[in-house]
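Colleague: Could you take me through this model? I would like to hear about the helices and then the domains.

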Amino acid sequence: MGKFETKKTELLRKGDLEKTKFLENIEKLILPSQVKKIQQNDKTVLKELVLPAWVDWGLLYDWASTKKIGSGKTCILCNLDAENGVFLLEKYICESCFLKIKNI
Ligand SMILES: [Zn+2]
């Protein structure tokens, strides 16, 4: 089990539902291009993200490393080829569509 899953399990055991929920929804807070930066260990991305202090880099990095980031695939929503996108439920969604749906 990775650091991210371990932390989630630990928080759940402590009954800290607020933090557990945050980790479950972290996907909606971080853009595909930002996930890519985290995967590349590029800490400048931290300036763009608004994360609580208890979320450390190791946790973020472990989470990002489990994410599949597409490159130049076709978005299922707008049919455009997009370099930055993310797989949601096995479907490829580009960053701009991702931004739209995350605001719903
Ligand atoms: Zn799209």
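Predicted model: local features only at pLDDT ≥ 70, side-chain atom pairs only at ≥ 80, totals over all residues.

Colleague: How do the axes of helix 1 and helix 2 cross, and at what angle?

Modeller: Helix 1 spans residues 3–14 and helix 2 spans residues 17–24. Their axes come within 8 Å and cross at roughly 155°. Because angles over 145 degrees count as roughly antiparallel, helix 1 is roughly antiparallel to helix 2.

Colleague: Is that crossing left-handed or right-handed?

Modeller: The crossing of helix 1 and helix 2 is left-handed.

Colleague: Which residues make the contact?

Modeller: Helix 1 contributes Lys7, Lys8, Leu11 and Leu12. From helix 2 come Lys19, Thr20 and Leu23.

Colleague: And how do the residues of that contact divide into nonpolar, polar and charged?

Modeller: Three residues of the contact are nonpolar, one is polar and three are charged.

Colleague: Changing topic, where is the chain divided into domains?

Modeller: Domain 1 covers 1–67 and domain 2 covers 68–104. Taken over C-alpha atoms, the centres of domain 1 and domain 2 are separated by 20 Å.

Colleague: How many residues of each domain are in contact with the other?

Modeller: Eight residues of domain 1 are in contact with eight residues of domain 2.

Colleague: Which helix gives the most to the side of domain 1?

Modeller: Helix 4, residues 32–39, gives the most to the side of domain 1 that touches domain 2, namely five residues. By class, that side of domain 1 has three nonpolar, two polar and three charged residues.

Terms used. Residues numbered from 1 in each chain as written. Axes fitted to C-alpha atoms, helices over the stretch in contact; angles between N-to-C directions. Helix = DSSP H or I, 4+ residues; strand = E, 2+ residues; numbered from the N terminus. Parallel < 35°, antiparallel > 145°, perpendicular 65-115°, else oblique. Left-handed = near helix turned anticlockwise from the far one by under 90°. Contact = placed C-beta atoms within 7 Å. Nonpolar A, V, L, I, M, F, W, Y, C, P; charged D, E, K, R; others polar. Domains from an automatic or database assignment.
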